[in-house]
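I opened my notebook to look up a few things about this protein. Here is what I found, in the order I looked.

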Amino acid sequence: MTVAAPSRPTQVERRARVAVAVLFFTNGALFANLLPRFPQIKADLGLGNTAYGVAVVAFPMGAIVAGLAAGVAVRRLGSARVAVAGTLLTAVGILVAGTAGSVAMFAGALLLAGAMDSLTDVAQNAHGLRVQRRYGRSIINSFHAVWSIGAVTGGSMAAAAMALGLSRGQHLAISAAVFVLAACAAWMLCLPGPDDESIPGADADLGEAGRAERVLPGRRIAFVLAALVVIAMAGTLVEDAGNSWATLYLSESLHAPATLAAQGYVALVAAQFVGRILGDRLVGRFGQRTVARSGGLITAVGMGLALAVPTVPGTVLGFAAAGFGVATLVPAAMHEADELPGLKQGSGLTVVSWLMRLGFLLSPPLVGVVADTAGLRVGLLVVPLAGVLVLLFAGVLSNRRA
């Protein structure tokens with residue numbers, strides 16, 4: 001971090017931390033309410049694996065289309081306002097997708113939801129990093145841990161709604177109302193003022209020459225940014241495996257009942273939550289590079305064994321290992337990019353956040369095609385492959401210890 005730590009956070013800063021946590025929670029919970037409904041939607045619309053993969057890719061496609069607009073929106077409207085507005089429109093898109101009567105409507109609604117989710121993602125991370133600078137120490141992993149709590153909550157809500165026999169429309173309307181109201185309440189507690197505020201004491205020990213020494217050559221910046229994108233994409237590849245394929249793999253390939261099949265995704269995000277709760281402490285003790293490489297190894301070995309010896313309990317544990325392994329990757333890549341010397345504040349965050357979504361864009365159709373050709377078990381090899389990529393590219397991460 002480049003900000004001198006204040007003696008103690010003020011009440012305004014503590015409230016803002018709670019507000020950002022609520023925004024992350026709602027963002028995780030909204031889409032997670034839809035994911036366990038995907039097998040029903042797939043069956044109702046009569047989609048094969050390839051067609052299903054192409055349809056659900058509309059969500060990351062929307063994020064790619066709108067992602068670069070996030071920086072402009074945040075500068076003009078403020079990160080808190082963009083995060084809340086994005087939450088509202090994401091909820092609308094998810095509700096329409098869940099009740100769609102045609103493939104075109106399903107894909108179009110996912111496109112809207114993905115576009116708005118990308119704005120929310122950049123905005124809530126920008127506001128979270130702003131609060132982190134006020135705190136003067138790393139707290140970004142805790143926000144992403146709360147996102148995982150939201151995802152577990154959303155997935156559990158969906159399982160409960162299915163057990164109670166609620167229709168998709170009833171279930172997703174309740175979800176939208178609850179989480180939009182929560183986001184609006186959080187807005188009232190966010191930090192006031194512009195997002196590009198200066199923090200007293202920041203870089204106080206550096207003169208102009210000192211700051212200039214921190215600037216990296218252009219080629220080095222491009223390489224580091226590219227490596228950070230690969231690391232973040234590895235995290236998204238694993239997340240997408242849980243989002244789009246865990247329930248289908250357990251239910252269709254391993255013949256698990258519907259309520260148990262949903263536990264693959266829940267196990268992934270629950271383990272991811274544990275990893276993020278421990279993340280700041282582990283990074284402080286061992287350094288981000290070591291933590292990332294260890295996580296890559298856990299992901300590759302854990303999911304690799306689950307696919308090599310396919311059982312329902314083993315697969316649930318494999319998804320859990322993968323979720324734990326990639327827990328700190330996206331927060332680490334975003335923070336490292338936001339602090340990268342030679343770039344304007346927020347530029348690195350926007351680039352990594354935008355490009356990492358290529359993982360969500362490319363993974364569903366790729367896995368779908370492989371699944372139709374060689375089986376979903378082979379398609380899910382993308383998860384251990386992601387762990388290998390982390391092992392190869394984690395060298396760009398800082399290994400400083402607190």
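I began with the rule for a disulfide, which is a pair of cysteine sulfur atoms within 2.5 Å. By this rule I counted zero disulfides. Cys 184 is in none, as its nearest cysteine sulfur, that of Cys 190, is 11 Å away. From the side of Cys 190, the closest cysteine sulfur is the one in Cys 184, and 11 Å is too far for a bond.

A note on the source: this is a predicted model, where local features need pLDDT of at least 70, side-chain atom pairs count only at pLDDT 80 or more, and totals for chains, interfaces and linings use all residues. Residues are numbered from 1 along each chain as its sequence is written, and side-chain values use heavy atoms, with hydrogens and water left out.

Next, I asked: are these cysteines buried or exposed? Buried means under 20% relative accessible area, exposed over 50%, and partly exposed in between (1.4 Å probe, protein chains only). Cys 190 counts as buried at 9%, while Cys 184 is partly exposed at 35%.

Then I turned to the helices (DSSP runs of H or I, at least four residues, numbered from the N terminus). Helix α7 holds Met 105, which is partly exposed with a relative accessible area of 44%.

Last, I checked helix α20, residues 382–393. Among the buried residues of α20 I noted Val 382, Pro 384 and Val 390.

Methods. Helix = DSSP H or I, 4+ residues; strand = E, 2+ residues; numbered from the N terminus. Expected span 1.5 Å × (residues − 1).
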